[in-house]
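Please open the model in your viewer and keep the sequence panel beside it. The stops below say what to select next and what is to be found there.

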Amino acid sequence: MTPRPYATAVQAAGALALLLPPDDAAAQSPDALLDRIDALLLAGGADIDPASYGAKPHPETKGTWPERDRFELALAHRALERDMPVLGICRGMELLNVALGGTLVQHLPDVLGTNDHRKVPGAFGDHEVRLEPGSLAARAVGAERATVKSHHHQGLDELGDGLRASGWSVPDDLVEAVELPDRRFTLGVLWHAEQDERSKVIAALVEAASVGVGAQ
C-alpha cells in the first residue's frame, strides 16, 4: 500500500502509476521491474534501518522495514546506473542519500533543538524552503522559494557520493533538496510534494520520463 496522493499526483501529470511492492527476489534482478517503467519515485514512509548506513538505532528510530529498504536500495542503485529519472520524497530522499553512501541524522530534535519539522505526529505542517537558483530543485518547483508540506523527524547527515545540496529549510538551514548534477533527473526533496496539489515536483519527474520515452 502507498498513500493515494502519490498515485493521484502522477496521474494528474498524465502518467500511469505502478506500485512496486517489496520483493527480495526482484531486488536481486531489479531490471525485471525497471524495464517496465520510465521513471522511479521513491515514496515516504517508515524510518530506514540504520544498519543500511552502518549506524546503531536511535531510540526514536521506529517502524523499520529492512525488506523494503533492501528492495528500494536495489531499485535506486540500478535506476541511477541506467540514468533513469528518479525522484525521492521524504524517506525517498533519505534512501537516495543512503544508496549513494550517505548517512542520516536519526532524530532531528537532537540537532536542531526543536520538533518544527514534525510538530504534530500524523499531521503535515507548513514551512518555507529556499532553493539554489538554476538548480534542478528550483526548476522542478518553479521558484527559488516555496512553502511546503513537512512531516519528518530525520534528515541527511553526510551527503552521498556526487549528491549536491540544492534546497534548505527556512530558518534552520536543514538540507531539504539534493540532486545529482551528472544525471538527467535525479532529485530528492524532504518535503511531501504529493500532499500539495499546487506542487509541480512530481509533474517534473513525469516530464523527464516522457522525454526519455520520446527518445526511445
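**Around helix 4**

Helices (H or I, at least four residues) and strands (E, at least two) are DSSP runs, numbered from the N terminus. The model is a predicted one, in which local features need pLDDT of at least 70 and side-chain atom pairs count only at pLDDT 80 or more, while totals for chains, interfaces and linings use all residues. Residues are numbered from 1 along each chain as its sequence is written, and side-chain values use heavy atoms, with hydrogens and water left out.

Now colour the buried residues of helix 4, which are Arg68, Asp69, Phe71, Glu72, Leu73, Ala74, Leu75, Ala76, Ala79 and Leu80. Helix 4 (residues 66–81) lies across strand 1, strand 2 and strand 9 (186–189), and runs at about 140° to strand 1; axes are lines fitted to C-alpha atoms, for helices over the stretch in contact, and angles run from 0 to 180 degrees between N-to-C directions. Step just past the end of helix 4 to Asp83, which takes a positive phi of about 55°.

Next, select the strands of the open sheet, in which 7 strands follow the order 1-2-9-8-7-4-5 with mixed pairing; two strands pair if DSSP finds at least two bridges between them. At its edges are strand 1 (40–42) and strand 5 (145–150), each of which pairs on one side only. Direction ignored, neighbouring strands of this sheet are turned by 20° against each other on average.

Finally, centre on strand 8 (residues 175–179), which is mostly covered, since 5 of its 5 residues are buried. Which residue of strand 8 does Gly167 stand opposite? Gly167 stands opposite Ala177, and Ala177 in turn stands opposite Val189 in strand 9. Strand 7 (residues 164–170) and strand 8 pair in the antiparallel sense over 4 bridges, forming a hairpin with 4 residues between them, where Asp173 in the turn has a positive phi of about 65°. Strand 8 and strand 9 also pair in the antiparallel sense, over 3 bridges, and the hairpin joining them passes through 6 residues.

Methods: Contact = heavy atoms within 4.5 Å. Buried < 20%, exposed > 50% of the residue type's maximum accessible area, 1.4 Å probe, protein only.
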